[in-house]
Amino acid sequence: KFKIPFVTSLNAKGIIPENHKLCMGVVGQYSRKCSNIIVSKSDLIIYLGSKTGSLVTNEWNIPDLDTEIIQVDINQSELGRNYPLRLGIYSDIAAFLEKIIESKNEFKSKKSWLNFCFEEKNKWYKENHLFLNSNSTPIRPERLCKEITKALPKNGILVSDTGHAGIWTSTMF
């Protein structure tokens, strides 16, 4: 409704379809480069039920401490735990989003901001195109993730271990 680009934490990956036009990928240490760039250039971040721990914030390097932050969480102890907030909202995320969607407010990203986000996302895909389509042996992890993505049905679930497997699947799957 509002045409706002979004990133997810690794724990929230897949909560909104990964192929959604406005999905920029996973942010933080297990991330796409474009996601971190987009978060670092944002003037407002809204965390919805997301812990702002070291993995999500790339060791608390993104976003910058001067960035305006709104954090919505059902766990009161998470509000403002790691970042100074413009606003902390103690709420169930679904209830919060329902109220926002029902509101008459017309939040919209500027066209220039959307273009920047799409350019960064496209740049990331172009940088990884050769790896995603590589025929090298042994198979490249990027290609393996691409093939698993294609093979799984839309309602398929991928379970991945931590470490390198988690990094590859969070960025490429």
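Trp-60 is partly exposed, with a relative accessible area of 40%, where partly exposed lies between buried (under 20%) and exposed (over 50%), using a 1.4 Å probe and protein chains only. This residue has a positive phi of about 60 degrees although it is not a glycine. The place of Trp-60 is the loop between strand 3 and strand 4, strands being DSSP runs of E with at least two residues and helices runs of H or I with at least four, numbered from the N terminus. Glu-59, also not a glycine, has a positive phi near 65 degrees and is partly exposed at 41%. The model is predicted, so local features need pLDDT of at least 70 and side-chain atom pairs pLDDT 80 or more, while totals for chains, interfaces and linings use all residues. Residues are numbered from 1 along each chain as its sequence is written, and side-chain values use heavy atoms, without hydrogens and water.

Two cis peptide bonds come next. The bond from Ile-62 to Pro-63 is cis, with omega near -5 degrees, and Pro-63 is placed in the loop between strand 3 (44-48) and strand 4 (68-73). The bond from Thr-137 to Pro-138 is cis too, with omega near 0 degrees; Pro-138 lies in the loop between helix 3 (111-132) and helix 4.

Turning to helix packing, helix 4 (residues 141-151) and helix 5 (residues 164-172) pack at about 60 degrees, with axes 9 Å apart. Contact (heavy atoms within 4.5 Å) is made by Pro-141, Glu-142, Cys-145 and Thr-149 of helix 4 and by Trp-168, Thr-169 and Met-172 of helix 5.

Technical notes:
Axes fitted to C-alpha atoms, helices over the stretch in contact; angles between N-to-C directions.
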